[in-house]
Amino acid sequence: MNVRAMFIDMDGTLLKASNNISSRNKEAVNTLMNQGVKVFLATGRHYEVTAPYHKELGLRTPMICLNGAAIHDADSGKTIQMKTVRLNDERFHHVTAESAWNVIIHTANGVYCKKANEEIDYWTQVGRIPPHYIGDLRQATYQDVLKYSVRTGTPCPNISALFNKEAEVINWNDGFELLAPYVSKWSALKSLLREYRISPNEVVAIGDGPNDIEMLRHVGTGVAMGNASEKVKAAADFITGHHENDGLAQFIEQYLLKSKQSYAI
C-alpha cells in the first residue's frame, strides 16, 4: 500500500510521560518525511502546547488541535478552521461548579479554568501563555468555546451523558470532554485530506485514546499504541509498542521505512 500521510497523536503516542519526544521517535518521523510522506500532529492539546513539538520535529503541515475543533497553519499558527460548541452554560455550571472537579474551557482567545494545577502550570511553561482566567467560571466572561474539559478523577459517563444532545462527548478514565456535534480528529483529518487530495486509504493514523478511535477506524491503516485501552486496540488494524518504549518508532521502522520495510500493508 502507498502511504502518503501519517497522523500522529501526541500524549501517550509521540510523547513519553515526561512530555519529551525520544530521539528514536524523532529520527523515525524525520526519515519518514524524507521519503515524501506528509506527517501531521492530531492532538487534544491547544495550539500553544502543540506548536513547540511541531517545530521540534520540523513539520510543515497544519496542526489538528483540541480533538479537531481547531486546525492551525504550520507557519503562522493562524486558525484556519474552527468549530465552536454551544452549551447551555447555566446548566453546565450547575452540574460542575460546586464539585471538586477541575473544569477547563478552551476558547478561541485562550484558556479559562476553575483552578490551577500541575497540568495548567505545564501548559503555561511550554506555551508561555498563562490562562486568561482562574476561578469560579460562573463569573468569567468568555465566548467562542472550542472544548470543555471536566476532570472528575474517575469515569463519569452518567454525568457526561447529560450533554449528549448538545455536544460530541469523549469519555476518559478521569473525566470527559465536550466538543461541537460531529467534531473529532477524524472530521478535521478529512478536511485536510480533501485539501491535500489524499485518499483516506493512503493514510496511517496512530494513537492511544478514546479521541483517536474514529480516525483509527476510518483511515487505511489504524495503529493503536501498546498502552491504549482494549476499546482503542479493537478499532485498530495494528497494535504497536508502549509509548515509553517508542511504539511509534517501532511501527514506522517495521512497516513504513523503505530501507527496512519487511511487510507490505
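**Exercise 1. Which residues on the other side of H1 are exposed?**

Before we start: this is a predicted model, so to speak of local features we need pLDDT of at least 70, side-chain atom pairs count only at pLDDT 80 or more, and totals for chains, interfaces and linings use all residues. Residues are numbered from 1 along each chain as its sequence is written, and side-chain values use heavy atoms, with hydrogens and water left out.

*Step 1.* Buried means under 20% relative accessible area, exposed means over 50%, and partly exposed is in between (1.4 Å probe, protein chains only). Helices (H or I, at least four residues) and strands (E, at least two) are DSSP runs, numbered from the N terminus.

*Step 2.* Find the buried residues of H1: they are Asn 25, Ala 28, Val 29 and Leu 32. Looking down the axis of H1, these buried residues fall within an arc of 95°, so they line one face of the helix. The arc is taken from the directions from the helix axis to the C-beta atoms.

*Step 3.* Now turn to the other side of H1, where Ser 23, Glu 27 and Asn 34 are exposed.

*Step 4.* What lies over the buried residues of H1? The cover includes E1, E2, H2 and H9.

**Exercise 2. Describe how H1 and H9 cross.**

*Step 1.* Two packed helices are described by the angle between their axes and the distance between the axes.

*Step 2.* Here the axes of H1 and H9 come within 8 Å and cross at roughly 35°. Axes are lines fitted to C-alpha atoms, for helices over the stretch in contact, with angles from 0 to 180 degrees between N-to-C directions.

*Step 3.* List who makes the contact (heavy atoms within 4.5 Å). H1 brings Arg 24, Asn 25, Ala 28, Val 29 and Leu 32, while H9 brings Leu 248, Ala 249, Gln 250, Ile 252, Glu 253 and Leu 256.

**Exercise 3. Find the residues that touch the most other members of the largest nonpolar core.**

*Step 1.* A nonpolar core is a set of buried Ala, Val, Leu, Ile, Met, Phe, Trp, Tyr and Cys residues joined through side-chain atoms within 4.5 Å.

*Step 2.* The largest one has 36 residues, and Met 6, Ile 8, Leu 14, Ile 252 and Leu 256 touch the most other members. Elements that each supply at least two residues include E1 (5-8), H1 (23-34) and H9 (247-256). H9 gives the most, with 6 residues.

*Step 3.* Zoom in on Ile 8. Skipping neighbours within four places in sequence, its contacts include Leu 14, Val 29, Val 39 and Leu 248.

**Exercise 4. Is Gly 222 buried or exposed, and what does it touch?**

*Step 1.* Locate Gly 222: it lies in strand E13 (residues 221-224).

*Step 2.* With a relative accessible area of 0%, Gly 222 is buried.

*Step 3.* Not counting residues up to four places away in sequence, Gly 222 touches Ala 205, Leu 216, Ala 236, Asp 237 and Phe 238. Gly 222 and Asp 237 are 15 residues apart along the chain, and their C-alpha atoms are separated by 5.2 Å.

**Exercise 5. Where does Asp 246 lie?**

*Step 1.* Asp 246 is in the loop between strand E14 (238-239) and H9.

*Step 2.* Its relative accessible area is 11%, so Asp 246 is buried.

*Step 3.* Leaving aside neighbours within four places in sequence, Asp 246 is in contact with Lys 16, Ser 22, Arg 24 and Asn 25.
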